[in-house]
Amino acid sequence: MDSRRKAPAGRPRGFDTEEALERALVVFWRQGYEGASLTDLTEAMGITRPSMYAAFGNKEELFRKALDRYTEGPGAYVARALEEPTARAVAAALLNGTVRATTRPGYPTGCLGVQGALATGDPGHRAHDVLIAWRNSNGACVADRFRRAVAEGDLPPGTDPDRLARYVVSLSYGIAVQAASGIDRDDLQQVADTALLNWPPVTSA
């Protein structure tokens, strides 16, 4: 459903849904799913609760839309990395992209997909499950790309693409956690550069 669709005639929304969603994304990114109250969200979005429900659904649906926006915006480097011509270039683009996205000026540090629901109780379990599925999907895409690299001879025979994908993705999420802890971009870039000094790492049985 296009969030920019106009409200029924005579009942204009009176706010920019794309801008409101961007503001909600920042709140979820900074405070996590449970940490972001409806008051926090509506105040940041500049709308009332009825307007939020009418435009985006409930809090969980708003979070899903915010995660989609994150995936297509700050997190778009993942999809771009998978299009790189070699496995090493894929890994470099993933790690370098993580460094840039998690230390982006004007945005919270860290990664919405990692921090959004790390610690949630029952009210947040669905958001927690959504993020687990999001992270698993990213990992599966990287493994598929490395599997292709093995078939094409870009990676050595006997390379375990699943293990290599877990290695790279774990490094990426580790960088995100370090960024949220206050480690600066230059230091995180050194981590990414170091990880690529010995490529590919031994992953055969």
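In this predicted model, helix α3, which spans residues 49-56, has M52, A55 and F56 as its buried residues. Viewed down the axis of α3, these buried residues fall within an arc of 80°, and they therefore line one face of the helix. The other side of α3 carries P50 and A54, both of which are exposed. The cover over the buried residues of α3 includes three further helices, namely α1 (17-35), α2 (38-45) and α4 (59-72). Just past the end of α3 comes G57, whose phi is positive, at about 85°.

E60 counts as buried because its relative accessibility is 15%, and the cut-off for burial is under 20%. When neighbours within four places in sequence are left aside, the residues in contact with E60 are Y33 and R126. D68, by contrast, counts as partly exposed, with a relative accessibility of 47%.

| Pair | Separation in sequence | C-alpha to C-alpha distance |
|---|---|---|
| D68 and W134 | 66 residues | 9.9 Å |
| D186 and T103 | 83 residues | 9.9 Å |

The remaining points concern cysteines. A disulfide is a covalent bond between the sulfur atoms of two cysteines. Where the criterion is a pair of cysteine sulfur atoms within 2.5 Å, the count of disulfides in this model comes to zero. How accessible are C111 and C141, buried or partly exposed? C111 counts as buried, at 3% relative accessibility, whereas C141 counts as partly exposed, at 35% relative accessibility.

Notes: Residues numbered from 1 in each chain as written. Predicted model: local features only at pLDDT ≥ 70, side-chain atom pairs only at ≥ 80, totals over all residues. Heavy atoms only, no water. Buried < 20%, exposed > 50% of the residue type's maximum accessible area, 1.4 Å probe, protein only. Helix = DSSP H or I, 4+ residues; strand = E, 2+ residues; numbered from the N terminus. Arc of directions from axis to C-beta. Contact = heavy atoms within 4.5 Å.
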